[in-house]
Amino acid sequence: MNKRILLTLLTAGLLLTSCGNAATVTETTDETGDTTVEPPAETVDPIAEAKNDYYSSIGTVSAPGVEIMFLSETDDVAVEEETGEKFNDAVWYRNIEVEDRLNVKISHEARDNDGSTAKTLTNNVLAGDGTYDAATVWTHYAASMIASNTLLDLNTIPHLQMDQKWWNQVANKNMSLAGKQYVALSSLNHYADSVAEMVMMNKDMCINYNMDIPYDAVKEGKWTYDMMWTMMNTLPQDSNGDGNMDTSDIIGLVTQMADIDASMVSCGVDFFAKNDKDIPEFILNSEINVDKFNTIFNIYNDKTRTVTVQKDIKEDPWHYWEFKFKEGEALFLMNFPCNLYAFVEMEQDFSILPMPKYNEAQETYRTMTSVWYTSCIVTPKVFDADPGDIGLVIDALSFLSYVDVEPTFVAAYLEQRWIRDPESAEMMTIALENKYYDPGFLMNFQWGTAIGIPSSLVTAGKDNFVSTVVSKAATIEKAIEKTITNIE
């Protein structure tokens, strides 16, 4: 189901629930003048109905009160307490409901973002220690655990309904390896939404320079890199009048290296594709991908319009990245939702947009999430709980995240003023609906950082795309072969 349709249905369900006590009594009068009182029509809460259908369709745990222990470096699985903040409390009450309906205890150990989750799980498997039954980890750490052969194929866990809409079908299809599903993404992994690449646009600058705010263009499928480039070129050159066009002037786009790779993905570039054995193959070298790379190269390598901070700013590049946009000196900034808190006090108004398409003929928008900080679900090869119990709990958490937690995600950003207007909320939803995970995304750092090829070329100012891809192909293919041999 389309997420925007879901949000509408859930809102309608909440309205029905809140108005349930206001149902009216209908009176009808027949030809004799007698009045018949009809009872009020019964209202149906679609959320409650969906939950009842779900719980009635799943199994039961092996023993009442069974404990499922999670290890996590994100707050996907649990939050510390009820705070009154919509999203936080949705997670809090989700867990209470799962514990109550399944008669289980969900335990959780939080770790810092330092790789210790993957290290602990790996060491526990090697020691035969089944303390942790499941975990949420960053994908690049999960990849290292696949390489060390310490993760369980999730296809062997009963009760995981991975064909259902609360599981990310694109991610799971593209992250499987030779028929094995070592990692998976579901609605439980809300941190994948927090690191989804989007575009911030200075709305005041857009209005001041007589440009249309491209909300309608996005909805009509016309938001492209050509449109973005045209808007960037509407800005004045040498805005400070010093005779030079440099980083101190008004800039069209402020960006980081990883945004270049995300732009390639948003253009519809496929770095890898699966063969009939569910094994990824490196396919970056194609004529259309060369054209798309050239489009991205020309935008990012134009020093009069674009600043890539790692390449162009020598002192405190991260301050420049934030300051330039916050002070109204950049039209566009590519960013993650989790970083929007830094712009709450920004005086000028801004909008959120999805990443542009290559051209209008491209079927959908594509949103890449961080290759470093995308959350995923894993289960170590050694665990203490019954595998069926693990599956029931993970699937129930994922289902309730889809029904109760996801609808609060964008709403919470709007409520906290991390985004400024309902149109930006709609744009963010479009971006999140179109998250895309290339078949090489998961194992990127094990397979020669293939997804980083475009950014390495652009930051070096080199446009030798074909020769670079060809020179790396054999090494990448050998790395893939090594991975597949290791898991067979």
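**View 1. Lysine 219 and glutamate 426 form a salt bridge.** In this predicted model, local features need pLDDT of at least 70, side-chain atom pairs count only at pLDDT 80 or more, and totals for chains, interfaces and linings use all residues. Residues are numbered from 1 along each chain as its sequence is written, and side-chain values use heavy atoms, leaving out hydrogens and water. The closest N and O atoms of lysine 219 and glutamate 426 are 3.9 Å apart; a salt bridge here is a side-chain nitrogen of Lys or Arg within 4 Å of a carboxyl oxygen of Asp or Glu. Lysine 219 sits in helix H9 (residues 215-219) and glutamate 426 in helix H16, so the pair ties together parts 207 residues apart in sequence. Helices (H or I, at least four residues) and strands (E, at least two) are DSSP runs, numbered from the N terminus. Buried means under 20% relative accessible area, exposed over 50%, and partly exposed in between (1.4 Å probe, protein chains only).

**View 2. Lys203, Asp349, Arg420 and Asp421 belong to one network.** Salt bridges that share partners join these four residues. By the salt-bridge rule, the count comes to 16.

**View 3. Aspartate 193 meets lysine 435 in a salt bridge.** Here the N to O distance is 2.8 Å. Aspartate 193 belongs to helix H7 (residues 191-194) and lysine 435 to the loop between helix H16 (422-433) and helix H17 (453-460), so the pair ties together parts that are 242 residues apart in sequence. Aspartate 193 counts as buried, at 6% relative accessibility, and lysine 435 is buried too, at 12%.

**View 4. Glutamate 97 pairs with lysine 51 in a salt bridge.** Their closest N and O atoms are 3.1 Å apart. The pair links distant parts of the chain, with glutamate 97 in helix H3 (residues 86-102) and lysine 51 in helix H2 (residues 46-57), 46 residues apart. Glutamate 97 counts as buried at 18% relative accessibility, as does lysine 51 at 13%.

**View 5. Valine 378 is one of the residues with the most contacts inside the largest nonpolar core.** This core has 83 residues, and Ile146, Phe282 and Leu353 are also among those with the most contacts inside it. A nonpolar core is a set of buried Ala, Val, Leu, Ile, Met, Phe, Trp, Tyr and Cys residues joined through side-chain atoms within 4.5 Å. The largest share, eight residues, comes from helix H18 (residues 465-487). Which residues does valine 378 touch? Not counting residues up to four places away in sequence, they include Leu121, Ala134, Leu151, Tyr182 and Val183; contact means heavy atoms within 4.5 Å. A second, separate core of 36 residues includes Val77, Val98, Val104 and Leu397.

**View 6. Trp372, Tyr373 and Phe445 make a nonpolar surface patch.** The patch covers about 290 Å², an area from the Shrake-Rupley method with a 1.4 Å probe, where for residues only the protein chains shown count as cover. Patches are made of residues with over 30% relative accessible area and no salt bridge; like charges are joined within 9 Å, and nonpolar side chains (Val, Leu, Ile, Met, Phe, Trp, Tyr) within 5 Å. Tryptophan 372 is found in the loop between strand S12 (350-353) and strand S13 (375-378). Tryptophan 372 is partly exposed, at 43% relative accessible area.
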